[in-house]
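Me: I would like to learn how to read a protein model. Please take me through one, feature by feature.

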Amino acid sequence: MSTIIPIGPYHPLQEEPEFFRLHVEGEKVVHLDIELGYNHRGIEKLAESKSWDQVVFLVERICGICSTSHPAAAINCMEDLGAIVAPERAQYIRAIICELERIHSHLLWVGLAGHFLGYNTVWMWSWKYREIVCDVLEKVTGNRQSYAMFKAGGVRRDLDQDDIPWIMESMDKMKPVVDLFRGAVMDDPVLHARLKGVGCLSAEDAINYAVVGPTARASGIRIDVRKDDPYFAYPWVDFDIVVYEEGDVYSKAMCRIDELYQSVSIIEQCLKKMKPGPIDLNIKELPPGEGIGRAEAPRGEVFHYTLSDGSNFPARYKVRAPSYTNILSNEKAVIGETVADAALILAAVDPCYCCTERLTVIDEENNKSVLGQADLLKLSQAKTETLMKRLSL
Amino acid sequence: MDWKSIKTGLQDQFADKIQRWHEHNTRRIYLDIDAEMLEPVVTYLFNTLQSRFIIASAVDKPNNMMEIIYHFDFLHLPQVLSLRVVLSKDRLEIESIAPIIVGAEWIEREIHELFGITFKNHPNPVHLLLPDDWPEGNYPLRRDQ
């Protein structure tokens with residue numbers, strides 16, 4: 001007889017509206033039900049009533065953390081539809097913004113995971129050092145989030161040449177920070193014990209569940225839209241795809257941390273290579289037809305499809321966010337694990353974030369709440385403490 | 001595997017079954033097929049050509065038609081292959097591909113509740129986004145409603 005543990009409708013770690021129903025026998029998870037739709041905003045329908053320019057602003061509101069990945073896919077989609085090639089300088093600026101966003105998004109995940117494991121120092125570090133990136137974004141775009149920089153055929157604001165040395169300096173500051181995080185995870189025997197071999201997703205399952213981004217790359221699948229289907233300035237810069245083979249939470253964490261090095265390097269190369277020039281083609285109209293746009297968001301591939309009838313509004317606009325496929329793979333990753341690890345595994349795919357939080361654990365027989373959000377956090381942190389004692393740290 | 005061998009493989013295997021082969025550009029390829037050919041083509045793409053399922057988009061078209069476009073890509077290749085299946089609104093039924101690719105389970109549930117297309121042999125045909133007490137026969141993304 002299995003007991004059902006509901007996690008949600010808000011995820012305890014990342015505060016996202018999703019509802020997981022864990023079926024457990026003793027401490028072991030035997031089955032997982034996932035329920036969605038608590039935050040469905042009808043963006044695809046809404047897009048049909050917006051002009052092409054407005055669609056870019058609309059999709060920017062899909063996610064608050066990776067707010068530039070949906071506009072990136074949207075403009076790729078419109079440029080595919082209209083066979084438009086944006087000016088070189090615009091492509092460099094676009095790539096710089098995408099990479100800055102990847103850095104702050106990955107740092108955020110590492111911080112939250114640290115907090116959940118009882119490593120509040122890592123949490124505070126990541127918040128502190130994320131500011132460096134947010135400052136650069138504010139200087140370049142005027143906003144710390146939702147940058148409103150992209151449009152079909154170019155970008156809305158130019159990057160000031162005088163700012164480049166200062167941005168370079170900021171990137172230099174980021175390198176020791178990434179070393180710090182890498183060391184914090186790599187050199188800690190407790191984290192090894194806590195994360196290694198936990199929540200494994202095999203390469204076969206990764207393909208079968210169509211997962212993307214760091215979730216796929218941590219399972220040994222070498223996919224990255226930036227390399228496979230190059231867009232913006234990515235074909236002109238050197239970088240590696242970070243791949244780990246094990247598919248556990250440790251690999252997913254290391255994959256994200258190593259990607260930070262690549263992002264810093266991409267930004268530096270772009271800044272060095274970009275030359276003054278036009279930044280916008282002033283596109284007024286898009287022809288009838290179909291367009292497909294892809295972009296590599298911090299969480300994986302974003303996919304947009306549009307159908308145009310030649311008017312100023314899309315006739316159909318389809319959005320596929322990376323979490324849409326990644327979350328379903330939890331069904332595999334969480335089976336056979338313990339309740340103390342479950343919430344961490346569910347968060348290891350880095351699902352998109354939202355606001356409030358609520359979590360209760362209910363005993364099925366008398367329908368009584370036995371564990372709250374604070375209890376689950378305590379459970380997870382207590383496991384880390386026990387491990388620390390056992391390793392006499 | 002390169003794009004050339006994928007293209008010849010597909011054309012050899014389903015020569016007369018592909019109604020239209022349209023290359024929007026070198027990276028975006030659209031294939032029109034019959035609804036009953038979906039299962040064999042997807043099986044061939046996924047199992048033999050090792051393609052990766054991206055997503056499916058449903059489109060409500062004029063003239064009593066509905067379209068489902070299944071998007072696939074291939075490891076390390078820039079091409080996106082989109083299989084287009086056209087259905088008449090009088091008979092909105094198609095074979096589910098979730099038994100072949102688990103990753104297609106959610107999008108088929110979503111298309112079912114938003115467009116009213118039935119996926120035969122779907123392993124778990126329940127609501128995904130809409131609440132369980134949503135009225136029967138009310139499909140939010142349909143234009144005729």
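Me: Which residue in E3(A) stands opposite Val24(A)?

Reply: Val29(A) stands opposite Val24(A). Some ground rules come next. This is a predicted model, where local features need pLDDT of at least 70, side-chain atom pairs count only at pLDDT 80 or more, and totals for chains, interfaces and linings use all residues. Residues are numbered from 1 along each chain as its sequence is written, while chains are lettered from A and ligands numbered from 1 in the order in which they are written.

Me: What counts as a strand or a helix, and when do two strands pair?

Reply: Both elements are DSSP runs, numbered from the N terminus: helices (H or I) have at least four residues, strands (E) at least two. Two strands pair if DSSP finds at least two bridges between them. Take strand E2 (residues 19–25) of chain A: seven bridges join it to E3(A), and the two run antiparallel.

Me: In what order do the strands of this open sheet lie?

Reply: The order is E1-E2-E3 in chain A, three strands with antiparallel pairing. Strand E1 (3–7) and strand E3 (28–35) of chain A are the edge strands, each pairing on one side only. Direction ignored, neighbouring strands are turned by 25° against each other on average.

Me: Which helix packs on the sheet?

Reply: Two terms come up here. Residues are in contact if their C-beta atoms, placed from the backbone, lie within 7 Å. Axes are lines fitted to C-alpha atoms, for helices over the stretch in contact, and angles run from 0 to 180 degrees between N-to-C directions. Helix H14 (residues 339–348) of chain A packs on this sheet and touches E1, E2 and E3 of chain A. The direction of H14 makes about 150° with that of E2(A).

Me: Into which domains is chain A divided?

Reply: Domain bounds come from an automatic or database domain assignment. Chain A has domain 1 (3–39 + 336–390) and domain 2 (43–324). Taken over C-alpha atoms, their centres are 28 Å apart. In the contact, 20 residues of domain 1 of chain A meet 20 residues of domain 2 of chain A. On the domain 1 side, H14 and helix H15 (373–390) of chain A each supply at least two residues. H15(A) gives the largest share, seven residues.

Me: How do the residues on that side of domain 1 of chain A divide?

Reply: Ala, Val, Leu, Ile, Met, Phe, Trp, Tyr, Cys and Pro count as nonpolar, Asp, Glu, Lys and Arg as charged, and the others, Gly among them, as polar. This side has twelve nonpolar, four polar and four charged residues.

Me: How many residues of helix H3 (residues 105–115) of chain B are buried?

Reply: A residue is buried if 20 or more other C-beta atoms lie within 10 Å of its own, exposed if 12 or fewer, and partly exposed in between; C-beta atoms are placed from the backbone. In H3(B), eleven of the eleven residues are buried, so this helix is largely enclosed by the rest of the structure. Among them are Trp106(B), Ile107(B) and Phe115(B). The buried residues pack against H12 of chain A, together with strand E3 (51–61), strand E4 (65–74) and strand E7 (118–120) of chain B. After H3(B) comes Gly116(B), with a positive phi near 80°.

Me: What is the radius of gyration of each chain?

Reply: The radius is taken over C-alpha atoms, and the globule rule is 2.2 Å times the number of residues to the power 0.38. Chain A, with 15 helices and ten strands, has 21 Å, close to the 21 Å that the rule gives for 393 residues, so it is as compact as a globular protein of that length.

Me: What share of each chain is buried?

Reply: Buried residues make up 53% of the 393 residues in chain A. In chain B they make up 37% of the 145 residues.

Notes:
Two residues are in contact if their C-beta atoms, placed from the backbone, lie within 7 Å.
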